[in-house]
Amino acid sequence: MGGCASVSPTSTPAILDHLMADPAFNGATVSLMVRDARSGTTLYQHNPRTRLVPASNLKLLTTAAAMDVLGPQYRFSTQVLSTGSRQGERLAGNLYVRGLGDPTVQFADYQALAAQLASDGVREVQGDLVFDDTWFDAERLGVDWAQDDESTYYGAQISALTVSPNTDFDAGTLIVTAKAPVAVGQPVSVTVSPATDYVQLSNRAISGPGNTYGITRQHGTNLLQLSGALAPGKQSRQWVSVWEPTQLVANLFEQALAQQGIKVQGRRVIGGATPATAALLAEHQSAPLQELITPLLKLSNNNMSEALLKAMGRKTANAGTAAAGVAAVAGFMTRQGLDPASLSQVDGSGLSRRNLVSSLTFTELLLASARQPWFDAWYNALPIAGNADRMVGGSLRYRLRGTAAQNNLHAKTGSMAGVSSLSGYITDADGRRLVFSMVSNNYLGNAAPVRAVENRVAQALAQWRD
């Protein structure tokens with residue numbers, strides 16, 4: 001359709017043809033499909049059936065399926081339980097901290113759980129302190145995740161019992177803040193939040209020119225290596241993932257118990273299952289899913305996406321695995337009349353390069369989602385182009401300002417080395433809503449030229465002319 005000879009050179013399809021031939025795509029592959037959101041009619045297509053690595057556009061599929069499978073009111077839970085009996089201030093038996101996958105729970109929430117125990121009069125636990133992360137499997141990373149992502153916040157390990165350092169909900173990470181003294185050559189000062197001795201610091205970073213400061217975590221350890229130079233008087237905050245987030249929770253919850261004056265006589269046990277007979281003593285619940293998808297989609301949160309995938313697997317197959325979650329997503333697609341055999345999905349976030357999805361499939365998903373009772377919450381959770389509010393504009397807040405797409409385009413971004421994607425909804429000058437998906441793979445160098453074309457595509461769609 002995009003290449004018809006009868007199309008005027010000023011028409012939107014002709015403009016899109018021109019953009020698909022941009023030099024940014026020399027040696028690369030780009031797929032674009034545009035459809036009428038009401039009728040589903042195809043308005044433009046370029047390689048629409050070509051399956052490409054979608055990066056974080058896969059979160060569209062994961063979150064839509066989660067809204068269907070788990071439901072908009074679904075809440076994650078973290079529980080404190082015991083099989084023991086109370087003997088005054090003593091709890092005679094084991095104390096269990098059971099995680100049901102909540103990627104939003106913070107240190108303050110664990111402190112509140114400990115405070116609830118104290119307010120109930122518990123001062124001593126005579127048994128073991130057991131940290132139960134068995135709601136999900138023990139696979140901490142996704143299939144084919146890149147080794148060099150391992151210490152990053154977006155490549156953090158997945159656990160059913162985890163902790164997030166703030167309300168961005170990057171579970172399984174710590175915030176490491178370095179401050180450079182004014183005197184050049186002096187070591188930077190370092191703080192970790194939440195405060196914990198679970199990680200060790202090897203600090204070789206100094207105050208100086210060059211902007212070479214960085215942090216890495218050595219594989220298989222929690223040794224954080226700080227190196228390079230940070231400008232005098234400047235501060236740097238970085239999110240660094242930990243090795244084994246369940247054990248970080250153990251470290252923090254033991255701190256929380258000590259703050260409440262609660263002593264544990266037994267051992268710390270990691271990964272033990274909570275007996276079915278255990279009594280619930282305290283509980284923390286997350287916000288409902290229809291609210292959690294806002295930080296997830298606006299900020300493109302990988303760990304939240306993986307938690308949703310495994311939660312879907314647990315609900316549908318009683319298995320907290322990525323594979324069971326993928327099967328649950330396939331069930332959602334089938335119910336919507338979409339073909340799950342048309343794509344490859346191996347994780348929830350899009351971090352793996354084994355995920356393969358076409359722009360045709362994404363537009364079918366966008367059309368199907370618009371028919372759902374939860375659509376408005378999901379649509380508003382998508383990044384909105386050019387809106388400076390971080391929790392409105394999200395990953396699109398700096399893009400398309402001053403254009404017809406500003407505060408109009410609701411879309412999910414995706415980015416990896418050699419991968420850029422943008423899929424969502426936009427309203428044209430006649431008030432017609434369009435769905436579109438653009439996925440680009442295998443370009444070399446900086447993504448800026450590809451994103452510039454994405455922006456021009458969005459502007460063309462906002463000003464559609466036949």
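This tour moves through selected helices and salt bridges of the structure above.

The model is predicted, so local features need pLDDT of at least 70 and side-chain atom pairs count only at pLDDT 80 or more, whereas totals for chains, interfaces and linings use all residues. Residues are numbered from 1 along each chain as its sequence is written, and side-chain values use heavy atoms, with hydrogens and water left out.

**First stop: helix 1**

Please select residues 12-20, which form helix 1. Helices (H or I, at least four residues) and strands (E, at least two) are DSSP runs, numbered from the N terminus. Thr-12, Pro-13, Ala-14, Leu-16, Leu-19 and Met-20 are buried here; buried means under 20% relative accessible area, exposed over 50%, and partly exposed in between (1.4 Å probe, protein chains only). These buried residues pack against strand 1 (29-36), strand 2 (42-46), strand 22 (433-441) and helix 11 (448-462), where contact means heavy atoms within 4.5 Å.

**Second stop: helix 3**

Next, select residues 107-119, helix 3. Its buried residues include Phe-107, Tyr-110 and Leu-113. The buried residues of helix 3 pack against strand 3 (77-82), strand 6 (95-99), helix 4 (245-259) and strand 19 (279-285). Gly-121 follows the helix, and its phi is positive, near 95 degrees.

Display residues 289-299 (helix 5) and 302-317 (helix 6), whose axes come within 9 Å and cross at roughly 145 degrees. Axes are lines fitted to C-alpha atoms, for helices over the stretch in contact, and angles run from 0 to 180 degrees between N-to-C directions. Leu-289, Leu-292, Pro-295 and Leu-296 of helix 5 meet Met-304, Ser-305 and Leu-308 of helix 6.

**Fourth stop: salt bridges**

A salt bridge is a side-chain nitrogen of Lys or Arg within 4 Å of a carboxyl oxygen of Asp or Glu, and the count comes to twelve. Select Asp-132 and Arg-98, a pair whose closest N and O atoms are 3.9 Å apart. Asp-132 is in strand 8 (residues 129-132) and Arg-98 in strand 6, 34 residues apart. Asp-132 counts as buried at 2% relative accessibility, whereas Arg-98 is partly exposed at 24%.

Then select Asp-128 and Arg-267, joined by a salt bridge with closest N and O atoms 2.9 Å apart. Asp-128 is buried, with a relative accessible area of 15%, while Arg-267 is exposed at 56%.

Finally, select Glu-244 and Arg-140, whose closest N and O atoms are 3.1 Å apart in a salt bridge. Asp-133 joins Arg-140 and Glu-244 in a network of salt bridges.

Note on methods: The expected span of a helix is 1.5 Å times one less than its number of residues.
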